[in-house]
Amino acid sequence: MKLATFSCDGAIGVGVVDDARQTIQRVHGAASMLELAQLPVSEILERLEEPRRRLDEVRLLAPFLQPRRNIFCIGWNYLAHFEEGKDTRPPVELPERPSIFTKATTTVCGPYDDVPLHAGTTERLDWEAELAVVIGRGGADIAEQDALEHVFAYAVANDISARDVQRAHGGQWFKGKSLDGTCPLGPWLTTSDEVDPAALNVTCRLNGQTMQHAHTRQMIFPVARIVAELSRGMTLLSGDVILTGTPEGIGGSRVPPVFLQAGDVLETEVSGLGKLRNRIVP
Ligand code: MG
């Protein structure tokens, strides 16, 4: 099932997307995605409202307009991406456990929203196409073999990053990863029963040119391991969003480097989960 947050006729609702028919139906009485995530599928289906709207009649928004807390992110989860950055940073070994950082909640924006260039703050805004994981049933100390049962859904995200700001604050990535509007998310959530997270293609295109293309089986730490590691001694909550790392092909590691410019169109796609399309604006 595909679930989206959307606005239509001046109201915000959550609904079920029919990707093949390009339509959406509001779920009666559900005010947010977090609420929807608690409902059994049978009840969601019983509460579908008429009329069915065409997707082009509504505006799709980020699935979570205000996430409960920061977006969790995994760094260096594809070997080729770890290798491509070697010349641009001090020497570091490939970590034995996932590298973890977060993006502020105010980074989250919709699947087709404009992304600000932040020209006064950064000269090196860069893309990172990623598979996003949404936690359903929370918990701490989740065993790896049980971890996928805690995943509610998957989505597409771009961990847009200000490379110069990442480096400018004592090696802490938080600020460089947290500029406003730098986490396009969506276009909807696809529930976990329909997704094998190790069988997905992740693609990023800039102005129509493919910049990143990889398969999630190449992840160093698969989704179950990420959920298990994150939850060690730290309770994961329903609605938590985890970005699982980006493949090779970021702009900062290209020769010469390529950074986002006003007017660029960034497309981020995960096979079967949909596509984000964001224009970079001054
Ligand atoms: Mg990333």
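Good morning. I begin with the magnesium ion, whose donors follow the spacing E-x1-E-x28-D along the chain. The structure is a predicted model.

The donors themselves are Glu128 and Glu130, each through OE, and Asp159 through OD, at 2.0 to 2.1 Å. Where do glutamate 128 and aspartate 159 sit in the chain? Glutamate 128 belongs to the loop between E10 and E11, and aspartate 159 to the loop between E12 and strand E13 (161-162), so that distant parts of the chain, 31 residues apart, are linked. Both glutamate 128 and aspartate 159 are buried. For glutamate 128 the relative accessibility is 6%, and because buried means under 20%, it falls in that class.

Let me stay with glutamate 128 and turn to its salt bridges. With arginine 163 it forms one in which the closest N and O atoms are 2.9 Å apart. Arginine 163 lies in helix H4 (residues 163-167), whereas glutamate 128 is in the loop between strand E10 (125-126) and strand E11 (129-135), so this pair ties together parts 35 residues apart in sequence. Arginine 163 is buried, as is glutamate 128.

Glutamate 128 also forms a salt bridge with lysine 177, here with the closest N and O atoms 3.2 Å apart. This too links distant parts of the chain: lysine 177 is in the loop between H4 and strand E14 (183-191), 49 residues from glutamate 128. Is lysine 177 buried or exposed? At 1% relative accessibility, lysine 177 counts as buried.

These residues are part of a wider arrangement. A network of salt bridges links Lys103, Asp126, Glu128, Asp159, Arg163 and Lys177. Two of its members, Glu128 and Asp159, are also donors to the magnesium ion.

Across the model, 19 salt bridges are counted. One of them joins the side chains of aspartate 18 and arginine 52, at 3.7 Å from N to O. Aspartate 18 is in strand E2 (residues 11-18), and arginine 52 is in the loop between helix H2 (41-46) and strand E4 (53-54), 34 residues apart. Aspartate 18 is partly exposed, at 23% relative accessibility. Arginine 52 is likewise partly exposed, at 33%.

I now move to the nonpolar interior. As a general point, nonpolar side chains in soluble globular proteins tend to be buried together. In this model the largest nonpolar core has 43 residues, and those with the most contacts inside it are Leu131, Tyr154, Val227, Ile242, Leu260 and Leu273. Several elements give two or more residues to this core, among them E11, strand E12 (151-158), strand E16 (209-215) and strand E19 (274-281). Which element gives the largest share? That is H5, with five residues. There is also a second, separate core, of 28 residues, which includes Ala30, Leu36, Val108 and Ala155.

Leucine 131 illustrates the packing. Residues up to four places away in sequence aside, leucine 131 touches a set that includes Tyr154, Ala155, Met219, Val223, Ile242 and Leu273.

Seven of its eight residues are buried, so H5 is largely enclosed by the rest of the structure. The buried residues are Val223, Ala224, Ile226, Val227, Ala228, Glu229 and Leu230. Their cover includes E6, strand E7 (99-103), E11, E12 and E17.

Beyond H5, in the loop between that helix and strand E17 (241-243), we find aspartate 240. Neighbours within four places in sequence aside, aspartate 240 is in contact with Arg69, Phe72, Val133, Val134 and Ile135.

Finally, I come to a sheet. Five strands form an open sheet of mixed pairing, in the order E9-E19-E18-E15-E16. Strand E9 (115-116) and E16 are the edge strands, each with a single partner, so one side of each has no neighbour in the sheet. Further in, E15 and E18 pair in the antiparallel sense over five bridges. Leucine 206 has leucine 266, in E18, as its bridge partner.

To close, I return to glutamate 128: this buried residue coordinates the magnesium ion and forms salt bridges with arginine 163 and lysine 177. Thank you.

Note on methods
Residues numbered from 1 in each chain as written. Predicted model: local features only at pLDDT ≥ 70, side-chain atom pairs only at ≥ 80, totals over all residues. Heavy atoms only, no water. Salt bridge = Lys/Arg side-chain N within 4 Å of Asp/Glu carboxyl O. Helix = DSSP H or I, 4+ residues; strand = E, 2+ residues; numbered from the N terminus. Buried < 20%, exposed > 50% of the residue type's maximum accessible area, 1.4 Å probe, protein only. Core = buried A, V, L, I, M, F, W, Y, C linked by side-chain atoms within 4.5 Å. Contact = heavy atoms within 4.5 Å. Pairing = 2+ DSSP bridges. Donors = N, O, S within 2.8 Å, 3.2 Å for Na, K, Ca; no water.
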